[in-house]
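Here's a quick briefing to read alongside the model. Have the sequence and the 3D view open as you go.

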Amino acid sequence: MKDIRIQKVVIEQTIAQKNEISLIFSYNAIHYIISGSGYFNGKFLRAGEGFVCHKGKLCTYSPNPHDPWKYIWIGFTTNQKLPDILSQPVINCPGANKIFDEMMLCKQMENGRSAFLSGCLWKMMAIFLDQGK
C-alpha cells in the first residue's frame, strides 16, 4: 500500500442516550471499541472488536444504552486497494489493538501528530495484510 492520508482521529466516550448515527463518510474510517458495547449495521459489537465505514457507503452505529461504548476511530483516504480483512463487517484483529492504544497517545502531541498517526496506520495495515494470508 502507498499513498495513505490521515483525515481525522477521534476518541469518544458515548453516553447511553446517544442517538443512532447513520452517515456516509467521505473517507474510510476504522473504528475500534475500547470499552463497552454497541451496534454497527445491526450487529452487536463489544470491546476489542472494530468496524469499518467505507468511503461513500452508508453505515449506521449506536452505543448499547446499558453499556455505552468508548471508541477510537481513524479516518483516511487512499487510492490503493484495502486489505481483505477490512471488507468484513466486523474486525477482530488482536494485533491491531496495541496500535489503537498507541494512537491514543496523540492527544498529548502538538508537533509530529500527523507523522505519528501515519506511522500507526502503516503498522496497522501491515498487520491487516499479514492476517489476510
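What follows covers the cysteines, a hairpin and the salt bridges.

This is a predicted model, so local features need pLDDT of at least 70 and side-chain atom pairs count only at pLDDT 80 or more, while totals for chains, interfaces and linings use all residues. Residues are numbered from 1 along each chain as its sequence is written, and side-chain values use heavy atoms, with hydrogens and water left out.

**Cysteines**

- There's one disulfide in the structure, a disulfide being a pair of cysteine sulfur atoms within 2.5 Å.
- Cys 53 and Cys 59 make that link, with their sulfur atoms 2.4 Å apart.
- The disulfide is right-handed, because the torsion about the S-S bond of Cys 53 and Cys 59 is about 100°.
- Cys 53 and Cys 59 are both buried (buried means under 20% relative accessible area, exposed over 50%, partly exposed in between, using a 1.4 Å probe and protein chains only).
- Cys 120 is buried too, at a relative accessible area of 1%.

**Hairpin**

- Strands E4 (residues 37–40) and E5 (residues 43–46) run antiparallel and are joined by four bridges; two strands pair if DSSP finds at least two bridges between them.
- As for the labels, helices (H or I, at least four residues) and strands (E, at least two) are DSSP runs, numbered from the N terminus.
- Across the pair, Ser 37 sits opposite Arg 46 in E5.
- Two residues lie between the strands of the E4 and E5 hairpin, where Asn 41 takes a positive phi near 45°.

**Salt bridges**

- The count is four salt bridges, each one a side-chain nitrogen of Lys or Arg within 4 Å of a carboxyl oxygen of Asp or Glu.
- One of them pairs Asp 3 with Arg 5, whose closest N and O atoms are 2.9 Å apart. Asp 3 is partly exposed at 29% relative accessibility, and Arg 5 is partly exposed with a relative accessible area of 47%.
- Glu 12 and Lys 18 also meet through their side chains, at 2.5 Å from N to O. Glu 12 is partly exposed at 22% relative accessible area, and Lys 18 is partly exposed at 24% relative accessibility.
- Lys 123 and Glu 102 form another salt bridge, at 2.7 Å from N to O. Lys 123 belongs to helix H2 (residues 113–131) and Glu 102 to helix H1 (residues 94–103), so this pair ties together parts that are 21 residues apart in sequence.
- Lys 123 is partly exposed, with a relative accessible area of 40%, and Glu 102 is partly exposed at 26% relative accessibility.
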